[in-house]
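Reader: I am new to this structure and would like to learn how to read its features. Please take me through them in turn.

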Amino acid sequence: MKILFACGTDDGKTLTDEHFGSASFYMIFSMDGDSGKIEFVKRMENTSPEERMHGDPQKAKYLSQMLKDIPVLVAFTMGPNITRMRKRFVPVISRVREIESALEILPRYREEIIKEMEKPEGEDRRIIYLK
């Protein structure tokens, strides 16, 4: 099983200081569910509209559509839209800012991530904290 995940970043090296939805772009990676091996897939520009208000539901809807095939979202911080995004995605909060360091830790959590991915759409997924 391949697990796709998006890391929100502004520089390609660190997770953004801003909320996940405000990242300049997303680094998309694939992790093998059995071995934990991670490979870079692509860079995806964040073309979502500016928020009209904090926690704008339109922004969450746009991001959900844009990232619809990527079930796991990795960030240093997430905003109020996390409550909406948890119904469709597995949110992962990293305690480290460097993407490379987060990628070293992430495979240890693959069983938890898979368990959350298996929940039906519409059911809240648990936030996973990388330590």
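Author: At 23% relative accessibility, K119 counts as partly exposed, because buried means under 20% relative accessible area, exposed means over 50%, and partly exposed lies in between (1.4 Å probe, protein chains only). This is a predicted model, in which local features need pLDDT of at least 70, side-chain atom pairs count only at pLDDT 80 or more, and totals for chains, interfaces and linings use all residues. Residues are numbered from 1 along each chain as its sequence is written, and side-chain values use heavy atoms, with hydrogens and water left out.

Reader: Which residue does the side chain of K119 meet in a salt bridge?

Author: A salt bridge is a side-chain nitrogen of Lys or Arg within 4 Å of a carboxyl oxygen of Asp or Glu. K119 makes one with E116, at 2.9 Å from N to O. E116 is buried, with a relative accessible area of 3%.

Reader: What other salt bridge does E116 make, with R126 as the partner, and at what distance?

Author: The side chains of E116 and R126 meet at 3.8 Å, N to O. E116 lies in helix α4 (residues 110-117) and R126 in the loop between α4 and β6 (128-130), so this pair ties together parts that are 10 residues apart in sequence. Helices (H or I, at least four residues) and strands (E, at least two) are DSSP runs, numbered from the N terminus. R126 is partly exposed, at 37% relative accessibility.

Reader: Which residues are linked in a network of salt bridges?

Author: The network links E112, E116, K119 and R126. The structure holds 7 salt bridges. Another one of them joins K37 and E39, at 3.4 Å from N to O. Here K37 counts as exposed, at 53% relative accessibility, while E39 is partly exposed, at 40%.

Reader: How many aromatic pairs are there?

Author: Rings of Phe, Tyr and Trp (its six-membered ring) pair if their centres lie within 6.5 Å; planes under 30 degrees apart count as stacked, over 60 as edge-to-face and the rest as tilted. By this rule there are 3 aromatic pairs. One of them is stacked: F5 and F29 have 5.6 Å from centre to centre and 20° between the planes. F5 lies in strand β1 (residues 2-9) and F29 in strand β2 (residues 25-32), so the pair ties together parts that are 24 residues apart in sequence.

Reader: Are F5 and F29 buried or exposed?

Author: Both F5 and F29 are buried. The rings of F29 and F40 also pair: their centres are 5.7 Å apart and their planes stand at 75°, so this pair is edge-to-face. F40 lies in strand β3 (residues 38-45) and F29 in strand β2, so the pair ties together parts that are 11 residues apart in sequence. F29 has a relative accessibility of 7%, whereas F40 is partly exposed, at 46%. Together, F5, F29 and F40 form one aromatic cluster.

Reader: Which residue lies over the face of F25?

Author: A charge sits over a ring if NZ of Lys or CZ of Arg is within 6 Å of the ring centre and within 35 degrees of the ring normal. R43 lies over the face of F25, at 3.5 Å from the ring centre. In another case, the charged end of R97 sits over the ring of F76, 5.4 Å from its centre.

Reader: How many cavities of 30 Å³ or more does a search of the whole structure find?

Author: Rolling a probe the size of a water molecule over the atoms shows where empty space is left. On a 1 Å grid over the protein atoms alone, a cavity is a set of points where a 1.4 Å probe fits but cannot get out; lining residues have an atom within 4 Å of a point. Grid points are joined across faces, edges and corners, and a volume is the space filled by probe spheres set on the points. The search finds 1 cavity of 30 Å³ or more. The largest cavity holds about 180 Å³ of space. Its lining has 16 residues, and the closest to its centre are H19, G21, L63, G79 and N81.

Reader: Which helix gives the most to the lining of the largest cavity?

Author: That is α1, with 3 residues. Both α1 (57-66) and α2 (82-85) supply at least two residues of this lining.

Terms used. On a 1 Å grid over the protein atoms alone, a cavity is a set of points where a 1.4 Å probe fits but cannot get out, and a pocket is an open set with protein on both sides within 12 Å along at least five of seven lines; lining residues have an atom within 4 Å of a point.
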